[in-house]
Amino acid sequence: MAMASPNNKALERYKSAVTVATSVVGAAMLLRRLIADILPGTALGGLLLLRPASARRHVVLIEEFDGALYNRVFLAARAYVSTLLAAAPSVPLMKASLPRGAGAEHVLLAMRPGTAVVDVFGGADLTWRLSRKHDGSRRRAAAEDAREVFKLSFEARHKDMVLGSYLPAVMARVEAMSQEQRQTKLYSNEWGKWRTVRLRNASTLATVAMDGGLREAVVEDLDRFLTRKEYYRQTGRAWKRGYLIHGPPGTGKSSLVAAISNHLHFDVYDLDIGGVRSNTELRKLLIRMKNRSILLVEDVDCALTTAPRRDVNGEGPDGSSPASKNHKVTLSGLLNMVDGLWSSSGQERILIFTTNHKDRLDPALLRPGRMDMHVHMGYCGFVAFRELAANYHGVHDHPLFAEIENLLGEVEVAPAEVAEKLLATDDTDAAVEMAVKLLRDRRAGTGEDAGGYIKQKLHVGPRRPRRQPAPAPRRGVVGAARRVVLDEEIGGSSRRGQGRGSGTARRGRGGVRGRGRR
Ligand SMILES: Nc1ncnc2c1ncn2[C@@H]1O[C@H](COP(=O)(O)OP(=O)(O)OP(=O)(O)O)[C@@H](O)[C@H]1O
């Protein structure tokens, strides 16, 4: 086995503890504790260290069932042995199967009962053998009724190493594999309940084009966050991280959310805050979120306000005023609830807000310490353009690139618009021509308007019909007028109804601002 380096703290604890465990029983108990840490709820009854069959060999039996339940250690062993079989130079006979719902690349290989495969770890040979065990000693049971059991045998002198390092590494490796293979899900709230679909947005952090080190900054931040469980525990802080992703339409904000989800293998809970009828409902939704997940609020400038507003008569939102009925959930309410609930659950959670208009956000959200990292997805720069060209056409250079670089320095164009041109044809030259034409036209002020791209929705399926926002009252000062419009939109606005290609967003090619310690 290529030794996996399990970065699991529990594993490290276990490894150091087991070095002082002198008895087989002591080591086995520690192993049980470790497995319980890695696979919570694991049935452990099927794991048994046998007395040595000879003075020189030990055998660990891993049975298929623990009582009436599947033994999850057996399942882990089966997945691990499958990787051994795939790597083995020759195995006489194997079975192949595809777990339900798994992609073709996840074919599981298995030994035939009675056969064995040898693994090498820390200089020791470890033999995995599969056999069958019949219930009832004399009964003639059909072969299919028999239960399978893995026998892991090794020289007695390697006992501590096997229990202390090898088996924990096997468990950690299988856990990592299952995380990688896991299909992420997208949840959306409908009438107070989460409805789930498979997240089909295949964006990755490699395919979202970004300029100037932004990708590296985001990846580093995410990976650092994941490894800091101890830091969050020691400081008593909720193990969560907040990202504000902002930028003009079509710059890849939703794609970045999907990429983060795919990178971490975290499910996304896309909260349609306008559809939440009360704080109680919001609390229930938050409680029902699973660990290792992302809470997403898109277009947060339209979705939330800081605090319950007072209506024209100055009445507070006590539930009786008509105004308050539309404004049950507030930004500070959401953030406080998230803080409270997540600090007690102790698992990795990510909060992402997106907006096309950072300038319209409530200052409460921009306060230091509120969102840990601000990620600006900007108009397309030349670095991002080259990434798109490389991703879509495998082209890294082209005679028109010099002109494109100059044009991109002069015009504002969303990556989505460029992507649309590049994807319009398989002919690389024609695609680059189309992209350069878009830029020339934009500079000349001719051609199509910005924003004619196909939005890549995270959502599949219809949302609940939403009420139209009330018309904005006219005021003299632009900023004040906008604030009033925002107030009117809350509770029933279209979440994505921001003007396309709006020129209000700050010009820029993307960037990142981190806040606070991770
Ligand atoms: N930076 C990018 N890299 C790669 N593709 C991009 C990028 N930006 C946009 N696209 C493509 O453009 C389409 C729309 O992008 P996306 O929906 O992620 O943008 P957005 O910023 O969330 O837009 P909106 O503000 O309108 O919600 C998608 O098909 C996506 O693949």
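Trainee: How far apart are the end C-alpha atoms of helix α4 (residues 159-181)?

Mentor: Helices here are DSSP runs of H or I with at least four residues, and strands are runs of E with at least two, both numbered from the N terminus. The expected span is 1.5 Å times one less than the number of residues, so the 23 residues of α4 should span 33 Å, and this agrees with the distance between its end C-alpha atoms, which is 32 Å.

Trainee: What kind of model is this, and how are its residues numbered?

Mentor: This is a predicted model, in which local features need pLDDT of at least 70 and side-chain atom pairs count only at pLDDT 80 or more, while totals for chains, interfaces and linings use all residues. Along each chain, as its sequence is written, residues are numbered from 1.

Trainee: At which residue does α4 have a kink?

Mentor: The bend at a residue is the angle between axes fitted to the seven residues ending there and the seven starting there. In α4 a kink of about 30 degrees lies shortly before the proline Pro168, at Tyr166.

Trainee: How are helix α3 (residues 72-87) and α4 oriented to each other, and which residues of α4 make the contact?

Mentor: With axes fitted to C-alpha atoms over the stretch in contact, and angles running from 0 to 180 degrees between N-to-C directions, α3 and α4 pack at about 80 degrees with their axes 9 Å apart. Angles under 35 degrees count as roughly parallel, over 145 as roughly antiparallel, 65 to 115 as roughly perpendicular and the rest as oblique, and α3 and α4 are therefore roughly perpendicular. Contact means C-beta atoms, placed from the backbone, within 7 Å; Ala76, Ala79 and Tyr80 of α3 meet Val170, Met171, Arg173, Val174 and Met177 of α4.

Trainee: Which residue takes a positive phi in the hairpin of β10 and β11?

Mentor: Strands pair if DSSP finds at least two bridges between them, and six bridges join β10 (residues 185-190) to β11, which run antiparallel. Two residues lie between these strands, and the one with a positive phi near 50 degrees is Trp191.

Notes. Contact = placed C-beta atoms within 7 Å.
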